[in-house]
Amino acid sequence: MSEPASTPPAVRLRGITKRFPGVVANDAVDFEAAAGEVHALLGENGAGKTTLSNVMTGLYRPDEGSIELFGRPVEFRSPRDALDAGISMVHQHFRLVGAFTVAENVVLGDHRGEARTFRLHPRRIERRVAELGEQFGLAVDPGAKIWQLSLGEQQRVEILKALYRESRVLILDEPTAVLTPQEAEKLFVTLRSMADDGRTIVFISHKLNEVKAVARRVTVLRGGRSVATAPTADATPQSLAELMVGRELASTRPERVELTAEDETVLEVEDLWADGDRGEKALRGVSLHVRAGEILAVAGVAGNGQRELAEAITGLRPPTRGRISVRGKRLPAGDPRRAIRAGIAHVPEDRLGTGVAPSLTIASNTALKSYRTQGPFLRRRLIRRRADELIRDFDVRGATHATPARQLSGGNLQKVVLGREFSAQPSVLVAASPTRGLDVAAIATVHGHLRDAAADGMAILLISEDLDEILALANRIVVLYEGELAGELDPHGATVNEIGLLMAGGARV
Amino acid sequence: MSVRIERRLEQPRWLGVAVPTGSIVLALLLTGAVLLLTGHDPVHAYHRLFNAAFVGKDALTQTIVSATPLAFTGLAAAAAFRMQLFNIGAEGQLYFGAIFAAAAGLYLHSWPSALLIAAMVVAGAFGGAAWAAIPGVLRAFCRTNEIITSLMLNYVAALILNYLIFDSLSYWRDTSTPEAKVFPQGKLLPDAANWPSWGIVHSGPGLVIPLGFGVAVLVAVGLWALYSRTRFGFEVQVLGDSWRAARYAGIRTRRKILAVMCLSGAIAGIGGASQDGDFRHLLDPRGLQQAGYGYAGIVIAALARYNPFAVVLISLLLGGLQNAGYALQGADFPSGLVGVMEGLILFCALGCELLRRYRVRVVRRAGPEPSVPATEPTS
């Protein structure tokens, strides 16, 4: 399906180059999307997808290269220029004002018509928003406040914002990360109907199935360069993955370790309650146990208490009620040091801010939990030697013990975190989204380490939003919904659909 | 042609020295421009300034006298700022150090000199630490912003200091003679409480180093060792970089906040003790308050990028400036010059920090130039 030669593409980027300290995020990238098309931008994390979309929306100015809209060269000096030119973006982290209503958020920053008058006429805006929602299947109450909405609904508000501004081009950055499989399906319908309306949708993702499902053509980025553009009809997930990674992938999935009945329970959580950051009841009576050698996966849509669960178990957040015990010994509430001593290791969700001190060296970060040796002085030689060993054993690339942690890529950083956590020979590992934002190769490495650790008898609590990951690793699956466990599943029998229903608060299995 | 400011792809090491040096040169040039505008000869003024600070008779000695309290307050600020703990209260902590040290000097007057001096150092450190503990506790347990509390406590400390000498018949006030009752001043410390000094160079301009300056250098060495070689220092580093990572690593953050705050206050407090013992020999509210040592210390710590050794060097530089300013004030020397210079040095130093992370590039035309003709025929 080639475009008629006479119509210029809706968006054309040529030779876009953008450099950041230490990296070339985009290296002479070419990209084209036609009007009326859903065009996927596929690539591993760090391939330059987000940078490219930030160039398209005027957040970054490219060091080199040109942008054309409908055949006319444009230069964006600010995000406002891009908005005025008809380009909108739905970011991974929404740009909404929590205390405002849907309608208010929709007109926020708009400087035409209704929103330009001194007094707002909320009724008229709400009516228009409701109409648009009707037309494109984006059901959301225009008078509701943002903080009352679920993440899926907030995403709809972001899309409505773009529609209200009559954007011709809409860029969505990993939109399905916050959705259940069912919600994602609905989003795809909306996107297709928007494309049928003559708009251009740029759909950024690293999930191959989604790209196949929603997009007509796909452009693959790898290492900051555009490596291919192809119709999705001709592509298979396998071929796309190879383009993304740049080599053939072994598709073998090793068997998980099977447990025997006598494996003892290591981590036990009983009736755990904890408050979230805003004082809401984030955990409401969670009970679970993990046995030695077992990987228990906690599935759920982000924001249903996962972070609080991980933090409560590792002592970072004092629970308001309930008990946590390791090998039958109860842990004191809210004491990270005692949790570490009790043998609980933690791979935190926020690698760079919590898992490491970003400006300190890898040596310091390797010692983050083991620096408490005898006497007041640091054993600097020992710390450096351990860091060198970790770099060697965990194959941390492009770094010495003196490299600041923030210079590492996500995958290598995660290897440092894992290496450090394993070095204390813990009996429990709480791993929160351990592969989020990692590329395919790094994911495989992290999964390998987790499997090996389980095989060695570690009890692993895997908290993840990635169902593929959960199905690949878990011995048992529980689903967290609004702070409660919504059911337990056996990964052998469970389907993505079943888990998805539980994640969305559907009936218990 | 247009000028673009871009982020540096890498930061070479030499920039760490070149940028501060360059910014001081720039400040000198700007001050020179100010001098020209006001009808003075910059070369002549700088020559006199340099002589008065470092070359003339007793110049270096006086510079060290001026630098000593600055070194203490600079180290105090650096100790706390390393952990991103912004103790702005070195001023008040220095007053409390001076009050406690003077009390020790007066009360223990019968002790042998060496012991008495040691007692003054300990008392000064204790006084400063106790005063710093107030914002420390508030920050650690109530999450109160330490910048505001420590700053406000400076005024409280100044009022207490004035009260002790001017508004009460306190232990510190001299009430022995009728004049002293009319013109309030502090009780003179016993001779045993006078800190020794060492004449290093006797000929020519001469150089006398007071004990306080030696103590400041020792504190700098100690602080460096503490922060780079010990577990305590490691924890401070982690906390200074990421508070969440520190909690995650099981570091007791509250204790650390309190400890570092007290450490910072103690250093400022020793500075107060040195004022009593080295120079003033009585509790002198006016003299202590005139100079604004605590605030200058913040500037010094910032210029030194919290490095203890650099703090000592920069306090000598600023001490020299201040000393020359006092010495040269008069009809033919603009009295505000030293203040203008200090301001410009700080301004340039902070402004030029930008150049460490960014570079300025001159490009031929604004915006990216398309490498292919923009009006390609759409065939």
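In the predicted model, helix H4(B) passes helix H11(B) in a right-handed crossing. H4 spans residues 90-107 of chain B and H11 residues 253-280 of chain B, and the two pack at an angle of about 50° with their axes 6 Å apart. H4(B) and H11(B) are therefore oblique to each other. On the H4(B) side, the contact includes Ala90(B), Gln93(B), Leu94(B), Tyr95(B), Phe96(B) and Gly97(B). These meet residues of H11(B), among them Gly265(B), Ala268(B), Gly269(B), Ile270(B), Gln275(B) and Asp276(B). By class, the contact of H4(B) with H11(B) comprises 10 nonpolar, nine polar and one charged residues.

Chain A contains 17 helices and 20 strands. Its radius of gyration is 24 Å, close to the 23 Å that the globule rule gives for 509 residues, so chain A is as compact as a globular protein of that length. Taken along the principal axes, the C-alpha atoms of chain A fill a box of roughly 70 × 45 × 45 Å. Of the 509 residues in chain A, 49% are buried. Among contacts in this chain between residues at least 6 apart in sequence, 67% join residues at least 24 apart.

Within chain A, Met56(A) lies in helix H1, which covers residues 49-56. Met56(A) is buried, having 25 other C-beta atoms within 10 Å. When residues up to four places away in sequence are not counted, Met56(A) touches Val11(A), Leu13(A), Ile67(A), Ile87(A) and Ile171(A). Leu149(A) is 93 residues from Met56(A) along the chain, and the C-alpha atoms of these two residues are separated by 29 Å.

Key:
Residues numbered from 1 in each chain as written. Chains lettered and ligands numbered in written order. Predicted model: local features only at pLDDT ≥ 70, side-chain atom pairs only at ≥ 80, totals over all residues. Axes fitted to C-alpha atoms, helices over the stretch in contact; angles between N-to-C directions. Helix = DSSP H or I, 4+ residues; strand = E, 2+ residues; numbered from the N terminus. Parallel < 35°, antiparallel > 145°, perpendicular 65-115°, else oblique. Left-handed = near helix turned anticlockwise from the far one by under 90°. Contact = placed C-beta atoms within 7 Å. Nonpolar A, V, L, I, M, F, W, Y, C, P; charged D, E, K, R; others polar. Buried ≥ 20, exposed ≤ 12 C-beta atoms within 10 Å, placed from the backbone. Rg over C-alpha atoms; globule rule 2.2 N^0.38 Å.
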